[in-house]
Amino acid sequence: SEKLPVVAFATGHDEMYDTTAFQSVLKNGNFETVSFNLLTEKVPENAQMVVLAAPASDYTEDELKKLDGFLSGTDRSLFLTFYPGQKALPNLSAFLKEWGMAVPAATMVVESDSTKVAQSDATFILTQTGVDSAVDLGAGAEAYENVTMPQSSPVSLLFSSQDGVTTHALAASYDSSYLVDEKTAQNQQASPKKASYTTMALAQRPMTVNGKSYSQNVVVAG
């Protein structure tokens, strides 16, 4: 191909996720990767996806306006990763709320069933994919097996459909998992509530340009 799809990694917020391996996987899959400072630079014009890799500090209103502008283009995607050690990010949280998703700070999904973890670590949880039949994973796949999400925050879906935006769970823990936060850490005697928790979610808004259908996509990984 003479033109490769471009994935742009935003910097400038002490991102906690080292994306070196992620970018290597993308390059091996014929994606081009670039980095840019969201605070001081524009989103690269040829980018089809922007990645926010577990920011340690919140975004300004101007930065979030840049992301809104980016998503207004055709077939654009925003991919955000989170980490339980992050502080509260009120501006980013308000942005995600408009897309029907929320990620609680300092909260982690833990697995009680030792057969559903990797490396004998209760925080390295095996997750279920294909949990929403409305989402097409491509290549005729209904689900991918043995997906591990280490130290994942839960992702809450605030609505299923609102203002033209639909939300979908892409991956979820098993119903033998539970949440750990500051309160449970202080009270070790507490009996945790076991349930299935969403660990990755998608929000989509359809759009039509010159008679062609596109979608704006926001993907959140715990």
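Contact here means heavy atoms within 4.5 Å, and helices (H or I, at least four residues) and strands (E, at least two) are DSSP runs numbered from the N terminus. The model is predicted, so that local features need pLDDT of at least 70 and side-chain atom pairs count only at pLDDT 80 or more, while totals for chains, interfaces and linings use all residues. Residues are numbered from 1 along each chain as its sequence is written, and side-chain values use heavy atoms, with hydrogens and water left out.

**Exercise 1.** Determine which residues of helix H3 are buried, and what covers them.

*Solution.* Begin with accessibility, where buried means under 20% relative accessible area, exposed over 50%, and partly exposed in between (1.4 Å probe, protein chains only). Within H3, residues 90-98, the buried residues are Leu92, Phe95 and Leu96. Seen down the helix axis, these fall within an arc of 95°, so they line one face of H3; the arc is that of the directions from the helix axis to the C-beta atoms. Just after H3, Gly100 takes a positive phi of about 80°.

**Exercise 2.** Carry out the corresponding analysis for helix H1, residues 20-28.

*Solution.* The buried residues of H1 are Phe22, Gln23 and Leu26, and, seen down the axis of H1, they fall within an arc of 95°, so they line one face of the helix. Turned away from that buried side are the exposed residues Thr20, Ala21, Val25 and Asn28. As for packing, the buried residues of H1 lie against S1, strand S2 (32-37), S3 and S4. H1 is followed by Asn30, whose phi is positive, near 70°.

**Exercise 3.** Describe the largest nonpolar core and the contacts of Val218.

*Solution.* A nonpolar core is a set of buried Ala, Val, Leu, Ile, Met, Phe, Trp, Tyr and Cys residues joined through side-chain atoms within 4.5 Å. The largest such core has 31 residues, and those with the most contacts inside it are Val50, Leu52 and Val218. At least two residues of this core come from each of S1, S3, H2, S4, H3, strand S14 (198-209) and S15, and H2 gives the most, with four residues.

**Exercise 4.** State where Gln119 lies, and whether it is buried or exposed.

*Solution.* Gln119 is placed in the loop between strand S7 (117-118) and strand S8 (121-129). Because its relative accessibility is 68%, Gln119 counts as exposed. Its phi is near 60°, a positive value in a residue other than glycine.
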